[in-house]
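These are my notebook entries on one protein chain. I list what I looked up, in the order I looked.

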Amino acid sequence: MANEGERGGGPRSPVGRVLGKAATGTINLAVAGSAAVGAAALHSWPVLALGGVAYAALVAWDMVSPRFWKQALAAPPAALPDPDELLDHATRDAVRAILSARKELEAVLEETSDEVKGHLGQTLSSITELEQRSARLIARAEELARYLGKVSADPVRQEIARLDEKARSARDPAARREYESARKVREEQLKALDDIAGARERVVANLSRIVATLEGLPAKIVRMRALDAQAMDQLSGSMHDELEHMNVELKAFEETLTTLGEMASA
């Protein structure tokens with residue numbers, strides 16, 4: 001059986017993605033289109049052939065350009081929700097802070113030389129991954145908050161106390177066992193609610209960590225501008241390692257949330 005990358009609907013390889021970007025580039029298509037129009041107007045096959053050679057050369061130039069590869073393979077910016085549409089106030093605050101940090105980072109990068117940016121390739125890729133993870137955490141936090149807004153643990157606690165009293169006062173052994181079984185079910189329900197509330201708190205805490213990290217990046221990049229090439233390499237490597245470590249931890253955390261997310265959606 002063909003794997004996902006081999007099926008028609010699966011993701012293309014990096015080479016295929018870069019080639020597709022190069023083949024459909026605005027300038028490249030403009031050259032090919034101009035050649036075709038000129039050839040048709042002049043009824044000249046040589047003009048068409050010359051345009052084809054120029055188009056192929058432009059595509060080939062893009063294919064050997066490291067900068068074009070980086071741009072072609074770059075992940076799209078994370079799609080964050082409109083904070084005004086979010087129910088959970090902590091999630092709203094996190095989205096606003098991330099959007100503000102992204103805007104400041106873009107402004108700093110706009111003023112940063114290509115030389116310095118050349119040392120930030122892996123770091124910027126890790127930032128994009130971090131933002132994408134934050135978008136998923138924001139969606140999960142909102143999902144958990146909406147569920148918790150519809151339920152309350154207090155009635156469950158009261159029911160546990162009532163069933164416990166019934167079990168202790170029951171004279172019939174079979175009835176006592178039934179009350180005890182019902183109490184255990186309610187205790188499991190209460191534990192599930194507590195787990196969901198705890199998960200929501202951990203999501204918000206992780207979002208706070210992401211915000212702090214993103215807000216600290218512009219200052220680090222500005223500091224890089226004053227360093228020599230070796231020092232820039234060391235600092236950018238440290239930044240990349242820090243972001244990668246965070247992404248690995250967040251990936252593991254996201255996996256632990258899967259079951260709770262399904263529970264809250266039920």
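Entry 1. Glu143.
Which side chain does a polar contact of 3.2 Å join to that of Glu143? I found Arg140. I took a polar contact to be a pair of N or O atoms within 3.5 Å; within protein, one must be able to donate a hydrogen and the other to accept it, and residues adjacent in sequence count only if both atoms are side-chain atoms. Glu143 lies in helix α7. An α-helix has 3.6 residues a turn, so residues three or four places apart point the same way. Glu143 counts as partly exposed because its relative accessibility is 24%. The classes are buried for under 20% relative accessible area, exposed for over 50% and partly exposed in between, with a 1.4 Å probe and protein chains only. I also checked Asp88, which is 55 residues from Glu143 in sequence and 9.3 Å from Glu143 in space, C-alpha to C-alpha.

Entry 2. What I am looking at.
The model is predicted: local features need pLDDT of at least 70, side-chain atom pairs count only at pLDDT 80 or more, and totals for chains, interfaces and linings use all residues. Residues are numbered from 1 along each chain as its sequence is written, and side-chain values use heavy atoms, with hydrogens and water left out.

Entry 3. The whole chain.
I counted elements and got 10 helices and zero strands. Helices (H or I, at least four residues) and strands (E, at least two) are DSSP runs, numbered from the N terminus. The chain has 266 residues, and 35% of them count as buried. Its accessible surface comes to about 16,100 Å², and carbon and sulfur atoms hold 56% of that. The areas come from the Shrake-Rupley method with a 1.4 Å probe; for residues, only the protein chains shown count as cover. Next I looked at contacts, meaning heavy atoms within 4.5 Å. Among contacts with a separation of 6 or more, 76% are between residues 24 or more positions apart.

Entry 4. Helix α9.
I followed α9 from residue 173 to residue 224, which is 52 residues. From first C-alpha to last it reaches 75 Å, close to the 76 Å expected at 1.5 Å a residue. The expected span is 1.5 Å times one less than the number of residues. At the N-terminal end, Asp172 caps α9, with a side-chain oxygen 3.2 Å from the backbone nitrogen of Ala174. Where does α9 bend by about 30 degrees? The bend is at Leu217, and Pro218 follows within four residues. I read the bend as the angle between axes fitted to the seven residues ending at a residue and the seven starting there.

Entry 5. The core.
The largest nonpolar core holds 43 residues, and Leu137, Ile210 and Leu214 touch the most other members. A nonpolar core is a set of buried Ala, Val, Leu, Ile, Met, Phe, Trp, Tyr and Cys residues joined through side-chain atoms within 4.5 Å. Two or more residues come from each of α5 (89-110), α7, α8 (153-169), α9 and α10. Helix α9 gives the most, with 12 residues. I then listed the contacts of Ile210 beyond four places in sequence: Ile98, Leu130, Ser134, Leu137, Met246 and Leu250.

Ser126 is in helix α7 (residues 121-150). Ser126 counts as buried because its relative accessibility is 2%. The side chain of Ser126 has a polar contact of 2.9 Å with that of Glu244. Beyond four places in sequence, Ser126 touches His240, Leu243, Glu244 and Asn247. Buried or exposed? Arg133 counts as buried, because its relative accessibility is 10%. With neighbours within four places left aside, Arg133 is in contact with Asn247, Leu250, Lys251 and Glu254.

Entry 6. His245 and Leu120.
His245 sits in helix α10 (residues 229-265). Leu120 is in the loop between α6 (114-118) and α7. Leu120 is buried because its relative accessible area is 0%. Not counting residues up to four places away, Leu120 touches Leu109, Ile221, Met224, Ser236 and Met239.
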